[in-house]
Amino acid sequence: MSWLSLLFGPDGWGGLLLEGAVVTILLAVITAPFGFAGGLAVAVLKLAAPRPVRALCEAYTTFFRGIPDLLSLFIVYFGLQALIDRIAAALAPGVHLQLDAFAAGVVALSIIVSAYSSEVWIAALGAVPRGQREAARSLGLSPRDTFVLVVLPQTLRIALPGLGNIWMTLLKDTSLISTLAAMDLLRAASEASRNTTRPLLFYGAAGAVYLAISIVSGIAQAALERRFDGGHS
Amino acid sequence: MLATLSAWLAGILDIDLLRTYGWRLIEGLKVTLQIVAISCGLGFLLAYPICRARMSKHAALATGARCYIAFFRGTPLLCQLYLVYYGAGEIRAALTSVGLWALFREAYFCCLLTFTLNTAAYQAEIMRGAIASVAKGQIEAATALGLGRYRIARHIIWPQALLVALRPLGNELIGVIKASALAAIVTMLDLMGQTRFVFARTFDFSVYLYAAVMYLILTEAIRRLWGRLERSLGRHLRPRI
């Protein structure tokens, strides 16, 4: 069969790849808000919390930034599964609950992205001039309003390039869940190439789709940065 | 308090496991170190021509380098690894006829090739940024003094550019260590592969934690070593007090 009909023909594998691409994009889009918000929370804790909490946050980021993302995924996946088994055994003996690979992927990738992005947030929070905070406080804004209305918007502008880099990493890291049982883009390509013995075609096609998503992300990121720049440059 | 803590730790971490399978993890670590050292070293050598091509005035050369970099940075490493490892099987006849099949048959070679090509793309971008960071006036001044192209590169550009590149290159090294765990998925028995092997035998979750500690020690050691290297090489830049 020609490569065109293998991809786009009536019995082609294009549909499966497309579904896989949707799973990949969904995984990244669902994970990103959790990961970025988690990273911001960790950053604030590292800067302002009492010493033991700070040390805990430090240990958390060092751990997940220092080990392979694949290993993080396995630790979360098998760790959560063990936890579920234990809870199930206590509450309803004999019931077996299988952890969904997609859900485990969201949790694991959120944890990884939080660890990575906390460093970006810390640098960005530190780059907002002190006077901004002092001025807001002396105008009578509450600490909460000072943070939300004055500090955070400026932090976001500075953090945006760094967060964009992490988004790109996340996009590529989603492919790791293909090693569990989730049918993402890469897994779809594996399935197709196993059935047709045309790995070059299907992994090449998957690569092209990843590349397209990366390029679109890059354009969107540039537009966002312009939008948040607000006359700074 | 301490007793409960150690009891809890003993509950998760199984020391007997380490006694039985510890040597496997050490063997795996050796393979990981080998893969990382070879692919990072070759990647560094390959990165320079790619970087020069990317900065070249030749439109075709620059576009080629740009596409290379975009592909290797824009797609997942796992996808690239599958492309090489399974893709080689598809063109087996062609590879056999040029005598390369013996190489591509080996997962080890496919990993080295993929990781080298991948890290070369990242390192080329690091080098490009570092070279661009050297002030233009320096090169103009050197040219005005009559220095040749080689001497300008050797004595003016490289000493300054390498210092700028040092930190991102260190991060890339750590990145390759972490990425090398993917070798386990194409049957390699690196640290991750041995870990998966032990888990498949024992279903003991703690082996993943032991592997994590080993990776962590490795990456932290390099991070600290790199910090020290940076401080000592860049000491002439620090203001004297």
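**Figure 1. Buried residues of helix α4 of chain B.** B:Leu77, B:Leu78, B:Cys79, B:Gln80, B:Leu81, B:Tyr82, B:Leu83, B:Val84, B:Tyr85, B:Tyr86, B:Gly87 and B:Ala88 are the buried residues of α4(B) (buried: 20 or more other C-beta atoms, placed from the backbone, lie within 10 Å of the residue's own). Twelve of the 14 residues of this helix are thus buried. Helices are DSSP runs (H or I, at least four residues), numbered from the N terminus. The model is predicted: local features need pLDDT of at least 70 and side-chain atom pairs pLDDT 80 or more, whereas totals for chains, interfaces and linings use all residues. Residues are numbered from 1 along each chain as its sequence is written, and chains are lettered from A and ligands numbered from 1 in the order in which they are written.

**Figure 2. The contact between chains A and B.** The contact takes 31 residues from chain A and 26 residues from chain B (contact: C-beta atoms, placed from the backbone, lie within 7 Å). On the side of chain B that touches chain A, α4(B) provides the largest share, eight residues. The residues of that side comprise 18 nonpolar, five polar and three charged.

**Figure 3. Helix α9 of chain A beside α4(B).** The axes of α9(A) (residues 199–229) and α4(B) come within 8 Å and cross at roughly 160°. The two helices are therefore roughly antiparallel (angles over 145 degrees). Among the residues that meet are A:Tyr203 and A:Tyr210 in α9(A), and B:Tyr82 and B:Tyr86 in α4(B). The residues of this contact divide into nine nonpolar, four polar and one charged.

Conventions. Contact = placed C-beta atoms within 7 Å. Nonpolar A, V, L, I, M, F, W, Y, C, P; charged D, E, K, R; others polar. Axes fitted to C-alpha atoms, helices over the stretch in contact; angles between N-to-C directions. Parallel < 35°, antiparallel > 145°, perpendicular 65-115°, else oblique.
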